[in-house]
Amino acid sequence: MQIKQIVKEMLALIDLEGFEKRMPNQLSGGQQTRVALARALAVKPAMILLDEPFSALDAQLRIELRGDVIKLLRSQNTTAILVTHDREEALVSADLLALMQNGKIIQQGPPEQVYSSPNSATTAISTGDALVLQARMFSDGKTDYLFAPIKLSSSDLETGEVVIRPEEIKISADPAQGMISGQINKIDYYGHDAMISINVADNLLQVRIPGPLDFEVGQKVGLTHVGPIRFFARS
C-alpha cells in the first residue's frame, strides 16, 4: 500500500497522473525523463546527481523540462548536482555554480557573480560570450586597451587582457559619438536581440543589442564600452 501511495504522489508531482499503465515506448522523451527523475526522488535522497539529463531533447522541450525539473527539486527540498556543458543551462538552473577545468574547480559562486565577475578570461568564456582584448595596466591603475589607448612607454606596467561582455558595448549610428568607430561586418538576428560583428582596426568585435534592429551591414558606427574594465595580467 505504501508503494502505491508513493507512486501516486510521484506521478502527481511530475504531472503524469493517469499514465500508470503506459509502457516506456508509449511515453515521449520528456515524459521518460520526468519518470526517471521521479524514480530517483521516490526514495527521498538527500542529494541527486544529474549528468547531462536534457542533452537528448530538442531545444523547446529542453527549456520546458528544465524548468519543471528545477521546480520539482525545489518542491522536494532536494540538493542536486547538475553536470552540463551548456552555459545557458548552468546559469539558469544553478543556485551555486562551479566551473571545472582539468578536474579542478577554477571558480564557484552564485551564477550572477560568476558571470559578471569572472576570475580569468577562461572562466569568462566558459559562462558566456566574451571579447578578449590585449591590454596594459600601469602602476597608477590606468588601463591601455582598444577603447582607451594610452600612448605611453613605461617599464612599470603589466601586460594582459581585458574581458568585455558583448552587451557592455553601446553602439551609435553616429561614428563620432563613440569612444572608437568601426564598420558592421555581419548581423545575426535572433528576434529578441541581435549579435553584430564590427571591424575595428585589426579587431572583430561582437556587440549584442536588443530589438528592434536599426543597423545594416556596411554601416559605420560608434562604439562605447559602458561596462567594467576586467583586467587579467598575463601569467
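Glu158 is in contact with Ala135, Arg136, Met137, Phe231 and Ala233, once its neighbours within four places in sequence are left aside. These contacts are read from a predicted model. Glu158 belongs to strand 7, which covers residues 157-164. Its C-alpha atom is separated by 9.2 Å from that of Phe232, a residue 74 places away along the chain. Glu158 counts as partly exposed because its relative accessibility is 43%, and that class lies between the limits of 20% for buried and 50% for exposed.

The domain assignment gives domain 1 as residues 1-95 and domain 2 as residues 131-233. Taken over C-alpha atoms, the centres of domain 1 and domain 2 are 42 Å apart.

A further division comes from a database record. UniProt, in an unreviewed entry, lists residues 162-223 under "domain: Transport-associated OB type". In the model, residues 162-223 are 60% strand and 0% helix.

Asp15 follows helix 1 and has a positive phi, near 60 degrees.

Note on methods: Residues are numbered from 1 along each chain as its sequence is written. This is a predicted model: local features need pLDDT of at least 70, side-chain atom pairs count only at pLDDT 80 or more; totals for chains, interfaces and linings use all residues. Side-chain values use heavy atoms; hydrogens and water are left out. UniProt positions are given in the numbering used here, feature names are shortened, and annotations may be inferred rather than shown by experiment. Helices (H or I, at least four residues) and strands (E, at least two) are DSSP runs, numbered from the N terminus. Domain bounds come from an automatic or database domain assignment. Buried means under 20% relative accessible area, exposed over 50%, partly exposed in between (1.4 Å probe, protein chains only). Contact means heavy atoms within 4.5 Å.
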